[in-house]
Amino acid sequence: DPKILSIDLLSTPSSGASLWGGRKCSLVCSKLRSGYFWGLNCSRILQRSCLDEKMLRDSAISCFIPGEGFCGNIGHDAHITHTLSGIQLLLLVRDQEALESRAEQIVRFVLSLRRPCGGFAGDAFSEADPRFTFAAIAALSLLNRLDTLPAPSMTIAHLLSLQNPDGGFGARHGAESHAGYTWCCLAALAIVGDLQRVDCSVGVCVRVC
């Protein structure tokens, strides 16, 4: 099956160089938590076991920074994107114990990324971004810690402020609408239970998505 072969090749350390002209793009070589999660998620959707789940689990744990969250590779800084993927991966492999033992540390890291506008940044050095706001809300929800979100009305108001007259959402207030940002804003609002506050009269998700 070509689909299974593709996932399996990407999980082989030597495959990245041969498939991508010398660039180490395989799931194993990159150690990107997002790549691990999506690779495993694809194999689950296809109902085929083509990845070494123990290797993925152990590698994810090795990229957890105590007191913070998950990083993309050993020696990198923790980032909200990899933290969400790390949570999702541990849930997929059913390692609830590993996740629960790190949950409070992850929650503190996620909440530290909240910006005055109500949105979330990806790391300590970046600005608020809808992608990261979604990742933060999704991470808290998966950890059953959504109740720790401070002043949720401010975050909700921030997300709603990103909607444009064409119905889509942008990276910041007044920025051009983008399908990716629109999805992130709608998904985040759905998780916190305020999707009904989106103005659907302007055709959101029809013209943009």
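This is a predicted model: local features need pLDDT of at least 70, side-chain atom pairs count only at pLDDT 80 or more; totals for chains, interfaces and linings use all residues.
User: How far apart in space are G67 and A78, C-alpha to C-alpha?
Analyst: G67 belongs to the loop between helix 5 and helix 6. Along the sequence, eleven residues separate G67 from A78. In space, the distance between their C-alpha atoms is 10.0 Å.

User: What share of the residues of the chain count as buried?
Analyst: A residue counts as buried when its relative accessible area is under 20%. Applied to the 209 residues of the chain, this gives a buried share of 49%.

User: Is T83 buried or exposed?
Analyst: T83 has its place in helix 6, and, leaving aside its neighbours within four places in sequence, it is in contact with G69, F70, I106 and F109. Its relative accessibility is 0%, and the limit for this class is under 20%. T83 therefore counts as buried.

User: What distance separates the C-alpha atoms of I106 and F70?
Analyst: I106 lies in helix 7, residues 96–112, and at 0% relative accessibility it counts as buried. Leaving aside neighbours within four places in sequence, the residues in contact with I106 are F64, E68, F70, T83, I87, L99 and L143. Although I106 and F70 are 36 residues apart along the chain, their C-alpha atoms are separated by 8.4 Å.

User: How are helix 9 and helix 10 oriented to each other?
Analyst: The axes of helix 9, residues 152–160, and helix 10, residues 179–191, come within 10 Å and cross at roughly 150°. Angles over 145 degrees count as roughly antiparallel. Helix 9 passes helix 10 in a left-handed crossing, and the two helices are therefore roughly antiparallel.

User: How many nonpolar residues does the contact of helix 9 with helix 10 have?
Analyst: Helix 9 passes helix 10 in a left-handed crossing. From helix 9 the contact is made by I156, L159 and L160, and from helix 10 by C185, A188 and L189. By class, this contact has no polar and no charged residues, while the nonpolar residues number six.

User: What covers the buried residues of helix 9, among other things?
Analyst: The buried residues of helix 9 are T155, I156, H158, L159 and L160. An α-helix has 3.6 residues a turn, so residues three or four places apart point the same way. What covers the buried residues of helix 9 includes helix 8, residues 130–142, and also helix 10.

User: To what does the count of disulfides come?
Analyst: A disulfide needs a pair of cysteine sulfur atoms within 2.5 Å. Under the sulfur distance rule, the number of disulfides comes to zero.

Notes. Residues are numbered from 1 along each chain as its sequence is written. Side-chain values use heavy atoms; hydrogens and water are left out. Axes are lines fitted to C-alpha atoms, for helices over the stretch in contact, and angles run from 0 to 180 degrees between N-to-C directions. Helices (H or I, at least four residues) and strands (E, at least two) are DSSP runs, numbered from the N terminus. Angles under 35 degrees count as roughly parallel, over 145 as roughly antiparallel, 65 to 115 as roughly perpendicular and the rest as oblique. A crossing is left-handed if the near helix is turned anticlockwise from the far one by less than a right angle, and right-handed if clockwise. Contact means heavy atoms within 4.5 Å. Ala, Val, Leu, Ile, Met, Phe, Trp, Tyr, Cys and Pro count as nonpolar, Asp, Glu, Lys and Arg as charged, and the others, Gly among them, as polar. Buried means under 20% relative accessible area, exposed over 50%, partly exposed in between (1.4 Å probe, protein chains only).
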